[in-house]
Amino acid sequence: MSAAPSPKKRVSVHGVILLDKPVGLSSNDALVRAKRKLNAKKAGHTGTLDPFATGLLPLCFGEATKFAQDLLNADKTYETTVFLGARTSTGDTEGEIVSRGDADRITREDIEAILPRFTGEIDQVPPMYSALKRDGKPLYEYARAGIELEREARRVAIHEMALLDFSPPFLTLRVSCSKGTYIRVLGEDIGEALGCGAHLQTLRRVKVGSLEIDHASALADIEKVDDLQAAAFLKPVDYLLSTFPAIHLSEEQARRFMHGQRLSMEKEKPPVFNSAERVRVYDAARKRLLGTAIIKPGNVLAPERLIAV
């Protein structure tokens, strides 16, 4: 018998893939498949999308994972279609219908009248079908066992909500919101305010921070090419930092910066940036990203996260 082929050795891969996650896959499953295709040692995603949801899922590889938390904390934008007239056990199409209401009487004017209630800072009770943990176990595991736990309301911010379409019983919205916002709960709350019940029919994330779905790639397109071509889907690490002002250091400054030393930029002309501002830092001679830093009072450059490649 011939020996089984040995698994390919994982390699160091650094960068970002903007993935357009398909319906039916968990965020982790999508990450595992992309990581396998690139044969990468280290990778992580930046904010869970439910399996029934689609859209922008930034995947960070290698040194880019150091900046994943920024995207986890970033504002998000979604487009969602809400089905009026029925509540489900999960708040979306994957659950069973638990109640029905009369949606035939709902008008566009009714919807426009109640939407302002859900903009600005609002309180949301996290759904039982969520990845939030209680005693080390995600809430959805309790929910699947038929156990309902009390949850405290959380304050979130809905920055903007636009009514894109109303074709009864379907209501389509574009929602820009803070991290931690549950669009399923928002859909349910809108249905309750209208007195008819509701659940999400579709959910698509179109923006994370400054990153947009227009620049994302489909998983099928990544998987159908050979390994070398797949690497072309990677964007550089500093793609995540494009909104940060840039500072370019001399060779000596770069050496000190990479040793974690603070640098006085007082003699720089013009003076650098505002105190507390985050910046991306480069080695001017090598045109290489060194990491990020914080501007401290007196134009002092304080290393924040350093890049090891």
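Contact here means heavy atoms within 4.5 Å. This is a predicted model, in which local features need pLDDT of at least 70 and side-chain atom pairs count only at pLDDT 80 or more, while totals for chains, interfaces and linings use all residues. Residues are numbered from 1 along each chain as its sequence is written, and side-chain values use heavy atoms, with hydrogens and water left out.

1. Let me start with Ile-190. Setting aside neighbours within four places in sequence, Ile-190 is in contact with Ile-114, Leu-115, Phe-118, Met-161, Leu-171 and Leu-173.

2. Of its 30 residues, Leu-84, Ile-111, Met-161, Leu-171, Leu-173 and Ile-190 touch the most other members. Strands E4, E10, E11 and E12 and helices H3 and H5 each supply at least two residues (helices, H or I, at least four residues, and strands, E, at least two, are DSSP runs numbered from the N terminus). E10 gives the most, with five residues. A second, separate core of 20 residues includes Leu-18, Ala-64, Val-237 and Tyr-282.

3. Now for the sheet. Five strands form an open sheet of mixed pairing, in the order E15-E17-E18-E19-E16; two strands pair if DSSP finds at least two bridges between them. E15 (246–249) and E16 (263–264) are the edge strands, each with a single partner, so one side of each has no neighbour in the sheet. E18 (residues 288–296) and E19 (residues 300–306) run antiparallel and are joined by six bridges, with Ala-293 opposite Pro-303 in E19.

4. Which strands does helix H8 (residues 251–258) lie across? H8 lies across E15, E16, E17, E18 and E19, running at about 75° to E18 (axes are lines fitted to C-alpha atoms, for helices over the stretch in contact, and angles run from 0 to 180 degrees between N-to-C directions). Gln-253, Ala-254 and Phe-257 of H8 are buried. The buried residues of H8 fall within an arc of 100° seen down the axis, so they line one face of the helix; the arc is that of the directions from the helix axis to the C-beta atoms. Gly-260 follows H8 and has a positive phi, near 80°.

Definitions and conventions: A nonpolar core is a set of buried Ala, Val, Leu, Ile, Met, Phe, Trp, Tyr and Cys residues joined through side-chain atoms within 4.5 Å. Buried means under 20% relative accessible area, exposed over 50%, partly exposed in between (1.4 Å probe, protein chains only).
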